[in-house]
Amino acid sequence: MREQTEPRVKVFPMSEDTPTGLAGGAAAAREEPSGRYSSTRTPASVALEAAGRAHRPKEDAERPAVTLDNVKVSFAGHVAVRNVTLALPARKVTALVGPSGCGKTTVLRAINRLHDHTGGRVEGTIRLGDVDVYAPDTDPELVRARIGMVFQRPNPFPTMSILDNVTSGLRFNGIRNRALLREAAESALRHAALWDIVKDRLHQSALRLSGGQQQRLCIARALAIEPDVMLMDEPCSALDPVATEKIENLITNLAREVTIVLVTHNMFQAARVSDNAAVFLLDEDRVGELVEVGPTVEIFDSPRDERTKQYVTGHVG
Amino acid sequence: MTVLSGASDLASVKAAVRHRHARRGGRAYVVLRWAAAGIFAAILTGLVVSIAIDSSQAIAHSGIGFLWSGTWNPTANQFGAGILVVGTVVTTLVAMVIVVPIGLGTAAFLSELAPRWLASPLSTAIDLLAAVPSIVVGLWALLVLSPMFANHLEPFLKSVPVLEWFFHGPAYGPSILLASVVLSVMTLPTVVALSRTALSGVALADREAAMALGATHWQVVREVVFPGARSGIAASLTLAVGRALGESIAVAMVIGNSPSVPHSLLSPGATLGSAIVNQFAEAEPGIGTSSVIALAGVLLVLTLLVNAGGQALLRGMGPGRLRRRERHSITQVVA
Amino acid sequence: MIGAAPAQWRGEEAASSGDWEARERRRPVIQASARRSLGRRRRAGRFVQVLCVLATAIGLAPIVALVYYTAERGLGGLSWSFLTHAPVPEGIPGGGISTAIVGTGEIVGLALLMAVPVGLMTALFLHERRGRLAAAIRFGADLLTGVPSIVIGIFAYALLVRPLHHFSDLAAAFALAVLMVPIMIRADEEAMGAVAVDLWEAGVALGARRWRVARSVVLRGAFPGLVTGNLLAVSRGVGETAPLLFTVAAPSFAMTLLIYTEGTQPFPSEQQTAWSTALLLLLFVLVLSGIARLVAWRLTRRAR
């Protein structure tokens with residue numbers, strides 16, 4: 001009997017599939033034929049399926065939302081990540097993937113100048129549209145007002161109500177018009193799929209919500225200032241599978257209007273949700289660097305760099 | 001070496017050990033410890049009881065109206081704590097008015113603005129203030145501050161039109177204002193140390209969330225850090241009030257020992273603590289001393305209430321957040 | 001649209017597509033407001049910064065002034081004879097405060113003799129037992145730290161002076177001990193808690209027979225912390241005046257009392273005595289605090 005031909009994509013050990021157990025769940029939602037623990041579920045196959053069903057109303061040939069050019073970030077002389085040259089296309093989801101400690105979060109936080117107060121030194125150029133983010137005459141507060149950020153653990157302001165949390169960004173930026181605040185809050189909460197849940201308890205403390213709801217509140221808070229770019233630092237890592245699925249759907253919906261940069265160490269999540277992927281790995285000096293970037297499907301299915309191949313097949317990381 | 005066979009978890013190990021050493025004459029230790037705890041409990045109850053007993057004579061004489069009667073005139077055999085309570089409250093209040101902005105401003109500076117190499121020695125300096133004996137503060141206030149106030153500050157205050165309502169009348173030195181300043185000097189370290197801990201303890205994640213929305217540094221501090229430090233700051237203020245209420249010797253040296261209604265902050269006055277110090281020596285044995293002791297009782301109740309509140313707030317602040325070195329300096333300023 | 005959205009999301013879809021124009025309208029308004037308000041927001045921050053620096057300068061003034069004036073006025077009176085001679089009657093030059101120094105030493109020493117064992121043992125008790133009694137005692141210790149020293153002095157008076165009809169060093173020492181015990185209990189318990197729990201339990205597991213050895217492991221480990229805490233308590237006790245007011249036989253027997261009686265007199269030579277004594281006291285207390293801090297600092301460094 002002839003051996004079954006090698007599947008077109010590499011086979012993964014079962015354990016890769018279990019951390020969030022999502023592949024199966026999301027697949028079921030998308031009416032997929034494969035079962036939960038099918039041996040052909042790999043990031044590449046997931047990406048292929050997601051890409052196959054995607055269609056954009058118009059093809060975006062516009063300039064990238066954010067460009068990074070030869071960016072290097074160091075802390076007290078010690079380099080954390082370097083050789084980052086990357087263009088983040090507008091209104092697409094770009095995933096920054098790689099094992100922990102390779103600089104993905106560092107690069108993300110460099111985009112909205114969060115390293116200003118942690119002593120990180122950023123070299124190279126980062127542009128938000130036309131604006132050089134680190135130019136001496138650029139105001140970091142204004143840069144941050146155009147970028148929304150969601151953190152690893154949900155961090156709603158503990159002393160504020162739900163409504164105050166959502167409108168906080170607007171109020172920080174000088175908006176006082178009550179009508180505008182309410183309108184923006186409702187819109188943001190709807191986009192975060194939270195409106196129906198909280199509309200009757202807007203004045204309760206934000207801490208009464210569950211973990212997943214709090215994270216969606218943080219997303220709403222970031223959305224309320226109408227940013228051009230959303231930075232998300234492993235937003236689902238502290239959440240259960242159900243909450244994770246909701247947020248992944250959210251990301252997919254949001255991407256129609258906002259550019260999203262998503263840091264994740266979960267390859268399956270990247271495959272499900274992102275259009276492009278950038279792979280970060282440690283080089284020989286144990287310094288993080290950008291190894292390869294491209295459409296998600298290609299990265300997982302037919303990577304060009306050998307190290308990327310090693311990573312996506314589970315041999316490293 | 002004996003391994004306690006069959007002891008499969010720590011709790012049973014501990015129980016077995018206790019059982020063992022009870023048989024072995026480690027009983028001496030148990031007795032000693034219980035004795036110590038017992039002594040301590042005895043002290044606590046003894047404190048309350050002895051003061052209560054010794055003040056009974058005064059209460060019998062003046063009735064329960066002792067607590068609020070407005071006259072304290074030993075020569076006329078009239079003993080009322082009311083005016084003294086008023087004096088205590090007024091001095092503490094004015095002290096808080098001084099200490100709150102300065103203490104919180106300093107705490108904010110040390111926690112949010114100062115670079116680490118500066119914040120550390122400065123906060124040590126302020127903590128050292130807590131170690132200065134109150135008698136030394138009193139001496140300094142009496143011999144250095146009082147002339148300064150009489151010659152420069154008080155005329156100045158009297159000349160400012162709006163403040164005149166608070167500051168008028170003859171000013172010879174001893175005054176409620178001076179006493180309040182002394183109290184603020186003594187409570188400042190408490191407010192600064194605890195508030196600074198509370199401010200520093202606000203999670204970085206919350207600050208970053210605000211920064212990521214476009215807030216300026218001051219906005220982050222005002223909207224996130226200060227509200228987040230609310231309970232710690234409240235604890236520090238409450239404990240400071242508790243300390244101010246009980247401070248006696250330094251206040252006694254500068255307040256003028258005049259248990260009459262003050263007409264301005266520049267006039268002399270008296271507080272519970274200062275009255276105990278100043279009146280004790282001349283008090284007539286019997287009713288006189290008993291009344292002084294009764295004052296101590298009133299002071300005790302007052303401070304216990306305030307301090308219990310402060311301790312509760314302190315506990316609500318988050319016990320896990322204090323690092324060891326902070327705990328040491330706090331022991332110094334709170335104790 | 002990517003993927004077939006689950007049913008729950010379809011409703012949101014309808015809302016968001018009509019919402020898009022509103023959001024496009026809002027975006028420039030928000031950006032403009034951010035830009036416009038930035039100047040004001042930053043200026044407010046700088047203003048507050050100035051206020052905070054001012055507050056800090058004022059906050060530092062007392063300790064600086066205290067040390068400066070005490071040193072300036074007290075230094076002149078300090079001399080070897082000042083430290084070693086006894087006080088002389090008024091009007092006669094010379095004399096010192098030796099009786100006060102010795103007296104303070106005796107009283108504080110006696111107080112330590114009473115306070116240290118009680119504090120240590122009670123802290124051990126609290127460390128090893130959980131439960132309502134321990135919680136009550138801990139609460140009591142916290143309360144007692146807040147009791148004004150003058151009330152404690154009155155207590156000592158009521159307990160030991162009034163019934164016996166005479167003042168005594170013992171009564172004074174008792175008052176100081178009552179003052180110091182709660183501080184010691186808290187600090188000692190703290191120090192013991194800092195010793196790794198595994199260390200204690202390892203000691204226990206290693207030999208139920210060697211229970212005393214196990215306990216000595218805790219005591220040895222906690223030793224620096226115990227020293228710190230007790231030093232702080234001593235520093236506090238040495239500087240107290242009010243408890244001594246009602247218990248000590250004569251002001252010349254305690255430094256703090258001497259400062260009080262001499263300092264409140266209108267004569268320069270008496271005031272000089274007060275300043276010099278105050279300087280001595282201040283130096284002693286600051287040195288003790290400094291040592292305690294050093295030990296605590298070494299502790300935290302070692303723990304890292």
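**Close-up views of a predicted model**

**View 1. Surroundings of Glu289(A).** Glu289(A) counts as buried because 20 C-beta neighbours lie inside 10 Å, and a residue is buried if 20 or more other C-beta atoms lie within that distance. The model shown here and in the other views is predicted. Glu289(A) is part of strand E10 of chain A, which covers residues 288-295. When neighbours within four places in sequence are left aside, Glu289(A) is in contact with Val81(A), Arg82(A), Asn83(A), Phe280(A), Leu281(A) and Asp283(A). Ile299(A) is 10 residues from Glu289(A) in sequence, and their C-alpha atoms are 16 Å apart in space.

**View 2. Arg222(B) in helix H8 of chain B.** The helix runs over residues 217-228. Arg222(B) has 17 C-beta neighbours inside 10 Å and therefore counts as partly exposed. From Arg222(B) to Gly232(B) the C-alpha to C-alpha distance is 15 Å, for a separation of 10 residues in sequence.

**View 3. Helix H3 of chain C, residues 98-128.** This helix has 31 residues, so at 1.5 Å a residue it should span 45 Å.

**View 4. Contact between chains B and C.** Chain B contributes 84 residues to the contact and chain C contributes 83 residues. On the chain B side, the largest share comes from helix H2 (residues 27-62) of chain B, with 14 residues. The side of chain B that touches chain C is made up of 54 nonpolar, 23 polar and seven charged residues.

**View 5. The two parts of chain B given by the domain assignment.** Domain 1 covers 7-59 and domain 2 covers 66-334, according to that assignment. Between them, seven residues of domain 1 of chain B are in contact with 11 residues of domain 2 of chain B. The domain 1 side of this contact divides into four nonpolar residues, two polar and one charged.

**View 6. The largest nonpolar core.** This core holds 279 residues, of which Val182(B), Leu295(B), Ile154(C) and Ala156(C) touch the most other members. Helix H6 (residues 169-194) of chain C gives the most to the core, with 17 residues. Not counting residues up to four places away in sequence, Val182(B) touches Val137(B), Gly138(B), Ala141(B), Ala250(B), Val251(B) and Val254(B).

Definitions and conventions: Residues numbered from 1 in each chain as written. Chains lettered and ligands numbered in written order. Predicted model: local features only at pLDDT ≥ 70, side-chain atom pairs only at ≥ 80, totals over all residues. Helix = DSSP H or I, 4+ residues; strand = E, 2+ residues; numbered from the N terminus. Expected span 1.5 Å × (residues − 1). Contact = placed C-beta atoms within 7 Å. Nonpolar A, V, L, I, M, F, W, Y, C, P; charged D, E, K, R; others polar. Domains from an automatic or database assignment. Core = buried A, V, L, I, M, F, W, Y, C linked by C-beta atoms within 7 Å. Buried ≥ 20, exposed ≤ 12 C-beta atoms within 10 Å, placed from the backbone.
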